[in-house]
Amino acid sequence: MGAIAVAAGAQWKPFLSPKSDRLGFLSQSHPKNPSNFNPRTLIITSSSASSIRGFELNEIQKSCKKWVWKGQYSINYFVSDSQSSSTSISRPPLLLVHGFGASIPHWRRNIPVLSENYTVYAIDLLGFGASDKPKGFSYTMESWAQLILDFLQEVVQKPTVLVGNSIGSLACVIAASEESTEALVQGLVLLNCSGGMNNKAVVDDWRIKLLLPLLLLIDFLLKQRVIASAIFERAKKRETLRDILLSVYGNKESVDEELVEIIRGPANDEGALEAFVSIVTGPPGPNPVTLMPSISMPVLVLWGDQDPFTPLDGPVGKYFSSLPSKLSNVTLSVLEGVGHCPHDDKPDLVHNNLLPWLSHISSQ
């Protein structure tokens, strides 16, 4: 998502809180009848505050399971079987992959709806949520992509639709771009895909160029443990997290105490500081612009038009906005009044776009 490491995943935000331009991109609307769904149609809608009831935080936490990755790392995951066994047999399972600073409960408003007709998995990436946060581990986008592929092969064991937000989206893109993944990945849903593991990736954006000296200074400071600890402690304060979340959500009503706790809780775990520093100061990883042309499976791109991290008028946003005219397998939905985390910001709006697309690719 872009949320605690939000707190430095927008590395400068706790200090400067810059506001990017928030441009209205398009203003059409689409029919709500799924039978009219066109896989090449640009879908844009608006929505009021969501009325969806999600799972309680403790419901999800109590239902999670553990899987050991590479024989040494404990990975936390959740699985919700479809409520309709007749439809789930013919439909692919879904794997939900959270963004920066988030975890499985960030999907609490989506799992109940999606699991009506699909088997839904969600995973805590290494370094986040209730998964291990090993000291000395060098976090990279490639390692998370491999984690996803290994989870599909060892746990899910069926062709799966990957649904990711922010860096979770990018990890899914990297996983799907591997030559040997056709038997594992059936489709991609990208929610405000990140341009890299941290903000240093998008060097073509004037906002990043302007702040690059500051980002490099913060990298240097974060490598000093005393300073890093002080920054991290400030970043994970409830009031700091709430301010950050309010700045990246279009629907302010979605920013409640439960959301703050979802982001804050894992930040208190042993190894969380080291993960934070490694991710913020590490290499940004592969750029989605270079990877997308190699992906031939169906792709749904959902983009909140009020995202300050990967705005529509930035290089990554512009690239993904142009994809439907270049790649026949890509469908784009620009979501009005939505920020960096569409699935939690306005889940009903996401479901209105996602469910018809899933139904369409399931029938192919």
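Biologist: How do I read the accessible area of Ile-174, and is this residue buried or exposed?

Modeller: A residue counts as buried under 20% relative accessible area, as exposed over 50% and as partly exposed in between, with a 1.4 Å probe and protein chains only. Ile-174 has a relative accessible area of 5%, so it is buried. Please keep in mind that this is a predicted model, in which local features need pLDDT of at least 70 and side-chain atom pairs count only at pLDDT 80 or more, while totals for chains, interfaces and linings use all residues. Residues are numbered from 1 along each chain as its sequence is written, and side-chain values use heavy atoms, with hydrogens and water left out.

Biologist: Which residues does Ile-174 touch, not counting those up to four places away in sequence?

Modeller: A contact means heavy atoms within 4.5 Å. By that rule Ile-174, which is found in helix α6 (residues 167–177), touches Met-141, Ala-145, Pro-286 and Leu-291. Although Leu-291 lies 117 residues from Ile-174 along the chain, their C-alpha atoms are separated by 7.1 Å. Helices (H or I, at least four residues) and strands (E, at least two) are DSSP runs, numbered from the N terminus, and the chain has 15 helices and nine strands.

Biologist: Where do the buried residues of helix α9 lie, seen down its axis?

Modeller: In α9 (residues 238–248), the buried residues are Thr-240, Leu-241, Ile-244, Leu-245 and Val-248. They fall within an arc of 130 degrees, so they line one face of the helix; the arc is that of the directions from the helix axis to the C-beta atoms.

Biologist: How many aromatic pairs does the structure hold?

Modeller: Rings of Phe, Tyr and Trp (its six-membered ring) pair if their centres lie within 6.5 Å, and planes under 30 degrees apart count as stacked, over 60 as edge-to-face and the rest as tilted. The structure holds twelve such pairs. One of them joins Tyr-73 and Phe-137, whose ring centres are 5.6 Å apart with planes at 85 degrees, so the pair is edge-to-face. Tyr-73 belongs to strand β3 (residues 73–80) and Phe-137 to the loop between β5 (120–123) and α5 (141–156), 64 residues apart. Tyr-73 is buried at 14% relative accessible area, and Phe-137 is buried at 18%.

Biologist: How is the pair of Phe-232 and Phe-276 arranged?

Modeller: This pair is tilted, at 4.6 Å centre to centre and 50 degrees between the planes. Phe-232 in helix α8 (residues 225–235) and Phe-276 in helix α11 (residues 272–281) are 44 residues apart, and both are buried.
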